[in-house]
Amino acid sequence: MTPENSEESHPLLRPPGGGSPCGRRVFLAAFAAALGPLSFGFALGYSSPAIPSLRRSVPPAPHLDDSTASWFGAIVTLGAAAGGVLGGWLVDRAGRKLSLLFCTVPFVAGFAVITAAQDVWMLLGGRLLTGLACGVASLVAPIYISEISYPAVRGLLGSCVQLMVVIGILLAYLAGRVLEWRWLAVLGCVPPSFMLLLMCCMPETPRFLLTQHKRQEAMAALQFLWGSEQGWEEPSVESEHQYQNLFVTPPTIQEELWEVFQLALLRHPGIYKPFLIGISLMAFQQLSGINAVMFFAETIFEEAKFKDSSLASVIMGTIQVLFTAVAALIMDRAGRRLLLALSGMVMVFSTSAFGTYFKLTQDGSNNSSHMDLLVPMSAEPVDTNVGLAWLAVGSMCLFIAGFAIGWGPIPWLLMSEIFPLHVKGVATGVCVLTNWLMAFLVTKEFNNLMEVLRPYGAFWLASAFCIFSVLFTLFWVPETKGKTLEQITAHFEGR
């Protein structure tokens, strides 16, 4: 155990006798913060209905061709990668609340620029701004929610981050069915504006306030969030003294970390273990095949005779919302490790089936007898490719459900739980940067991978990564269910 973080074995915030809080305003504060992920999801989903609309536009309105449409979708991930770094810097300096308030500015500004766009460059600039806001929100919102939540509901509230993301994506899909791209951008300004109003009324997290030596404000925030009638105990004098030792030594650890990440810190198990776990979780999330599945979604639905591809997007979004909600409801009962392992196994099966689908369709002319086994029995002739497409539709829906119940929400939740306070900003910043860079690389290089390995090979490779993710979960990922953040830190220190 290192001297500078010895205090983190002591619960900083606890009710008398170890009872559970009964305050309900913590749910309101979590909802206010989760409007950031809702805006984040809307920005991600915006491109799906907006690109077809922009392809149909005629001068003087901006028009997208194949190349610019690709960048219109992908540039958000570059902005989000930069936003992850910026968010990690802000969260330790400005605080969790102010960082969330800050991210509303590029959200509104980005959608406003898109609304007023007269050329492609304005469209890309607006998307870059919304991407920057996505990066900040994806980092700060989980941290804020984890630090205001008590252990009994931290899994539920933390999972609501991903739930709000997929709700935002679904909202964009649904609104895109009736709104053109300009009015859809106007709608995108609403969630961050509402978030700005609500967050102004919410407190800073008590843990961050304690790091700033603001004990009275921290206790007031705690009473607001968890219930003023409980008479919460303050940390003992010894615990407080140990806690403050971290933050009175100049220069502060946070400043040193952002000047240069001290490699010496990685020798301590309380740092390098969660650091490796956080980065690996983000990498495995993107390597699972989620982008590949979404890439082929419209084609697969069309081959299954779904003529309305936008309806296919709505179906996928609905599945994501339903199963992410299920994950949120059972997170604090089933635990993180069980859901991650179950999710990984479902994705192994579904990506393998996807690969089989592409293999059979590619070799269809030479292996018709194999495909006949997959065609429904009917007195009428049935197109073989249609029958196989339904295999792909089933595999896709199963994959999305499996991803939503585990590998969708849990990496973000664990990222907000496993890092000690004194490195949380830089560590979560690196994790978010890893996630968004991996998303960009996978999205941009997926076509090349398909050419080299063929479609079935690409999906079988994703299945292999899913197998590795299951093994990683079983052997490396700790269970954080029902533990305080300080107890999680103590686990990594071996105490």
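**Note on helix packing, salt bridges and backbone in a predicted model**

1. Helix H4 (residues 120-148) and helix H18 (residues 410-418) have axes that come within 9 Å of each other and cross at roughly 60 degrees. That makes H4 oblique to H18, where angles under 35 degrees count as roughly parallel, over 145 as roughly antiparallel, 65 to 115 as roughly perpendicular and the rest as oblique. The axes are lines fitted to C-alpha atoms, for helices over the stretch in contact, and the angles run from 0 to 180 degrees between N-to-C directions. The crossing of H4 and H18 is right-handed, a crossing being right-handed if the near helix is turned clockwise from the far one by less than a right angle, and left-handed if anticlockwise. On the H4 side the contact (heavy atoms within 4.5 Å) is made by Ser138, Leu139, Pro142, Ile143 and Ser146, and on the H18 side by Trp412, Met415 and Ser416. By class, this contact of H4 with H18 has five nonpolar, three polar and no charged residues, with Ala, Val, Leu, Ile, Met, Phe, Trp, Tyr, Cys and Pro counted as nonpolar, Asp, Glu, Lys and Arg as charged, and the others, Gly among them, as polar.

2. On the basis of the note: this is a predicted model, in which local features need pLDDT of at least 70 and side-chain atom pairs count only at pLDDT 80 or more, while totals for chains, interfaces and linings use all residues. Residues are numbered from 1 along each chain as its sequence is written, and side-chain values use heavy atoms, with hydrogens and water left out.

3. The secondary structure of the protein chain comes to 20 helices and zero strands, both being DSSP runs numbered from the N terminus (helices H or I, at least four residues; strands E, at least two). Of the 495 residues in the protein chain, 55% are buried, where buried means under 20% relative accessible area, exposed over 50% and partly exposed in between, with a 1.4 Å probe and protein chains only. Among contacts between residues at least 6 apart in sequence, 84% join residues at least 24 apart.

4. From H1, Leu44, Tyr46, Ser47, Ala50, Ile51, Leu54 and Arg55 meet Asp66, Ala69, Phe72, Gly73 and Val76 in H2. Sorted by class, the contact of H1 with H2 has eight nonpolar, two polar and two charged residues.

5. Side chains of opposite charge can pair when their charged atoms come close. A search of the whole structure finds eight salt bridges, each being a side-chain nitrogen of Lys or Arg within 4 Å of a carboxyl oxygen of Asp or Glu. One of them joins Glu180 to Arg56, with the closest N and O atoms 3.9 Å apart. The pair links distant parts of the chain, 124 residues apart, with Glu180 in the loop between helix H5 (151-176) and helix H6 (181-188) and Arg56 in helix H1 (residues 25-56). Glu180 counts as partly exposed at 44% relative accessibility, whereas Arg56 is exposed, with a relative accessible area of 56%.

6. Arg207 pairs with Glu486, the closest N and O atoms being 2.9 Å apart, and the pair links helix H8 (residues 206-211) with helix H20 (residues 485-493), 279 residues apart.

7. Met195 lies in helix H7 (residues 190-199) and is buried, with a relative accessible area of 0%. Leaving aside neighbours within four places in sequence, Met195 is in contact with Ala32, Ala33, Leu35, Gly36, Leu100, Cys103 and Thr104.

8. Two backbone values deserve a check by eye. Most residues other than glycine have a negative phi. His213, in the loop between H8 and helix H9 (215-226), has a positive phi near 60 degrees, and Arg454, in helix H19 (residues 424-476), has a positive phi of about 70 degrees. His213 is partly exposed at 43% relative accessibility, and Arg454 is partly exposed at 41%.
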